[in-house]
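Please take some time with the sequence and the model shown here, and keep both in view as you read. The paragraphs that follow go from single residues to the spaces inside the protein.

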Amino acid sequence: MNSRRWQLPSVQSIIEEPAVAKYETKLGRDRITHAIQQVFDRARASEEPSHDGIIAEVCARLDGLCGQELAPVINATGVIVHTNLGRAPLADAAIDAVAEIARGYSNLEYDLDAGERGSRYDRARGAVNDITGAEDSLVVNNCAAAVLLVLDTFAKGREVIVGRNELIEIGGGFRIPEVLERSGARLVEVGTTNRVYVEDFERALSPQTALLLRTHPSNYRIEGFTHGVTAREVVELGRRAGVPVVEDLGSGALVDLAEYGVERERTVQDAVRDGVGLVTFSGDKLLGGPQAGIVAGRANLIARLSNNPLLRALRVDKMTLAALAATLQLYRDCSVRENIPIYRMLTASLDELRGRGESYMRAIPGAEIVESDAYVGGGALPQTSIASIAVAISTNNADALAAKLRAATPPIVARIEQGRVLLDLRAIAPNQDATVVAALSRCDGFTG
Ligand SMILES: *Cc1c(COP(=O)(O)O)cnc(C)c1O
């Protein structure tokens, strides 16, 4: 059956190759053996491989494994809500709540008063209503799901009017026109890229109009000769026409960011106060909680969302609800600044950051403290930088040093600017400083 005239080496001999052996501490022997067997399986089906070829292929697989599984990283980019790095770190109270709920049973869908089936959607409802001022609310898997649910419920086969200045793509494949199309709604674009008036919305009204949609221009800004429509204008038009207004806020701040040293960003409460029928926003952006999508607004509209069978496919899980409820409790307790990590990061003073930078300077020859621009991220305030402090390492090969830091345990994701590697301290937790310093010390040859 097997007409091969060549033989593969033993798995053991490959494991002992120094280039392969160095992965053992990180990945463990079983996974290395598995990777070797996969390479052997492929080799059997092809030409005789060279010994070096086998080693190279095994190493490539192991490299892949090292970065593939979900693992903590240190965020030295200066972008606080970094979507690629998992957005908002959770507050301790949220982590504790997740652990407690995950460990055992809960009243997830059980009404303890009545002793019968209850609704998971009641578990965070009171807190969201309380904080946002909305009549009612619903929590789903993420904000994209919230938008999809709203469109599917109200606008399938009908029309949604959107200003051309708000036809956004927020990245990760979320484009308003495409989400509308997938939900079976017809997009009616009005106005121009730079100028949209409420009269444009009004002229586009038809018996087929299901919704008037506003979206937060999360990641861009149109400047110059511009005109937009205020929420109140659209709400007033919607009221006259009997058409609900939906605002996709995305980042969903629940506090005035100006109080945290950043520019003011429209809050969920602003949208509710403006009379918007439904507001959608994320749990893991400026709220500082877990991935979730929240819809807040008028009770009769929320009731229709709750009755949509699609909700079952978008439903939120118990660990998310636990984390969200615990995070929202911090808003009720007015301890956002102290206890929600992204707000601690936002409000760390430059003196504090500089003081931490000095500990890096003392330990790393050639490290300098420089001024840096940090960003909120997560589709909020794209143009607004936050003054920050970074540790800068001059090297003749910044790409290689950055790669070496990404290969550290835990990996450190830094930024390259003008040929230097910059580690912005704002999104690095102070208790991670020692780890970063140690990783940098192991990169000598690049530094100094
Ligand atoms: C981020 C964002 C979304 C998507 O939120 P997810 O929670 O990532 O699904 C939708 N709309 C806007 C305006 C956003 O900024």
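Leaving aside its neighbours within four places in sequence, with which residues is Pro49 in contact? Before the reply, please note that this is a predicted model, in which local features need pLDDT of at least 70 and side-chain atom pairs count only at pLDDT 80 or more, while totals for chains, interfaces and linings use all residues. Residues are numbered from 1 along each chain as its sequence is written, and side-chain values use heavy atoms, with hydrogens and water left out. With those neighbours left aside, Pro49 is in contact with Trp6, Leu8, Ala43 and Ile54, where contact means heavy atoms within 4.5 Å. Pro49 itself sits in the loop between α4 (29-44) and α5 (51-68); here helices (H or I, at least four residues) and strands (E, at least two) are DSSP runs, numbered from the N terminus. Pro49 and Leu8 are 41 residues apart along the chain, and their C-alpha atoms are separated by 8.5 Å. Pro49 counts as partly exposed because its relative accessibility is 26%, given that buried means under 20% relative accessible area, exposed over 50%, and partly exposed in between (1.4 Å probe, protein chains only).

His82 is buried, because its relative accessible area is 17%, and, apart from neighbours within four places in sequence, His82 is in contact with Asn75, Thr77 and Arg87.

Backbone angles come next. Most residues other than glycine have a negative phi, and most peptide bonds are trans. Arg87, although not a glycine, has a positive phi of about 55°. Gln418 likewise has a positive phi, near 50°, and is found in the loop between β15 (415-417) and β16 (420-424). With 76% relative accessibility, Gln418 counts as exposed. The peptide bond from Thr409 to Pro410 is cis, with omega near -10°, and Pro410 lies in the loop between α18 (398-406) and β14 (412-413).

Turn now to the spaces. On a 1 Å grid over the protein atoms alone, a cavity is a set of points where a 1.4 Å probe fits but cannot get out, and a pocket is an open set with protein on both sides within 12 Å along at least five of seven lines, while lining residues have an atom within 4 Å of a point. Grid points are joined across faces, edges and corners, and a volume is the space filled by probe spheres set on the points.

The second largest pocket holds about 690 Å³ of space. Its lining has 32 residues, and those nearest its centre are Thr83, Arg87, Ile170, Gly171 and Lys285. Among the elements that each supply at least two residues of this lining are β2 (79-81), α8 and β9.

How many cavities of 30 Å³ or more does a search of the whole structure find? The search finds two. The largest cavity has a volume of about 40 Å³ and is lined by Gly163, Asn165, Glu166, Val196, Phe201, Arg214 and Val229. The second largest cavity, with a volume of about 30 Å³, has a lining that includes Ala146, Val147 and Val150. α8 gives the most to this lining, with three residues.
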